[in-house]
Amino acid sequence: MMPMPTAQRPPDKGAFVRDMFATIAPRYDRANRVISAGMDEAWRKRAIALLAAPAGGRIVDLCCGTGDVAFHLLRTDPSLHVAGVDFCEPMLEGARARAPRDARGGDVTFTQGDVTRLAFDDASFDGAIMGFSMRNVDIDATLREVRRVLRPGARFVNLDMSKAPNAVWRTLFNLYFYQVVPIIGGIVGGSRQAYTYLPNSLTNHPDANALRDRFTRAGFTDSGFERRMGGAIAIHYGRVPA
Ligand SMILES: C[S@@+](CC[C@H](N)C(=O)[O-])C[C@H]1O[C@@H](n2cnc3c(N)ncnc32)[C@H](O)[C@@H]1O
């Protein structure tokens, strides 16, 4: 078959996102702490509390990046078995480099894979969690996959940026997010371009209510969310029917 001319080829968002994270991987953790003023740690902790993972359970950390959520899971409960999945090898290298210190001897693996096509059996996990990544993926394909790999009764928790409902706060926050974050990202994260994309990825993202409805439509029950930072952050959750 003749290759499709470049102009007619659909843009490969996945490859673009993967290359972008490869560029910022070495300085990702430091930039995160500066941009969130260290508050991301508390949000991750709350997301893990909402997951309520069963002791000794098998948990998948989707779009695990450099492993922040995975390591938090093990700090919260060292008996968990955590599988981190991400499609960006340099981010995974960061996670593997941190593991000897941050996993504290816990069971964690970091594997390359696309969360819209998980290489896991049906009903093989007791919980799933995703941090700051839903804006980058095909939401419905990801929710379908998460639901497939979770056992009946297991929970999925998603922590991400969201759209603050109060217009004044949203305007102020957007000023920071769209104007200041790219500057900080350029200085601390090493790529102004990447940290311009990241805020922009929120523009077409569903608001918190709409995302909750997508969870429900994907077959999750008890779907809901908690807002943080006046709604600039949202933690969504849902459960696979028992
Ligand atoms: C903003 S980082 C979040 C990393 C980590 N979860 C955290 O909380 O710090 C987003 C991550 O999603 C990954 N990613 C984006 N789309 C993906 C996909 N379709 N499959 C797997 N990983 C993906 C990127 O490679 C990147 O590491």
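**Stop one: a residue to start from**

Ile184 counts as partly exposed, because it has 15 C-beta neighbours inside 10 Å. Buried would take 20 or more, and exposed 12 or fewer. Keep in mind that this is a predicted model.

Where does Ile184 sit? Its place is in helix 7. Pro165 and Ile184 are 19 residues apart in sequence. In space, C-alpha to C-alpha, they are 25 Å apart.

Which residues does Ile184 touch, leaving out those up to four places away in sequence? They are Val34 and Ile35. Follow them to the next stop.

**Stop two: helix 2 and helix 7**

Select residues 28-35 for helix 2 and residues 167-189 for helix 7. Their axes come within 9 Å and cross at roughly 145°. The crossing of helix 2 past helix 7 is right-handed.

Show the side chains at the contact. From helix 2, pick Arg30, Ala31, Val34 and Ile35. From helix 7, pick Val181, Ile184, Gly185, Val188 and Gly189. Colour them by class: this contact has six nonpolar, two polar and one charged residues.

**Stop three: helix 3 and helix 4**

Next, select residues 40-51, which are helix 3, and residues 68-76, which are helix 4. The two axes come within 10 Å and cross at roughly 60°. That angle is why helix 3 counts as oblique to helix 4. Here, too, look at the handedness: helix 3 passes helix 4 in a right-handed crossing.

Which residues meet here? On helix 3, find Arg44, Lys45 and Ile48. On helix 4, find Asp68, Val69, His72, Leu73 and Thr76. By class, the residues of this contact are three nonpolar, two polar and three charged.

Finish by colouring the shell by class.

Conventions. Residues numbered from 1 in each chain as written. Predicted model: local features only at pLDDT ≥ 70, side-chain atom pairs only at ≥ 80, totals over all residues. Axes fitted to C-alpha atoms, helices over the stretch in contact; angles between N-to-C directions. Helix = DSSP H or I, 4+ residues; strand = E, 2+ residues; numbered from the N terminus. Parallel < 35°, antiparallel > 145°, perpendicular 65-115°, else oblique. Left-handed = near helix turned anticlockwise from the far one by under 90°. Contact = placed C-beta atoms within 7 Å. Nonpolar A, V, L, I, M, F, W, Y, C, P; charged D, E, K, R; others polar.
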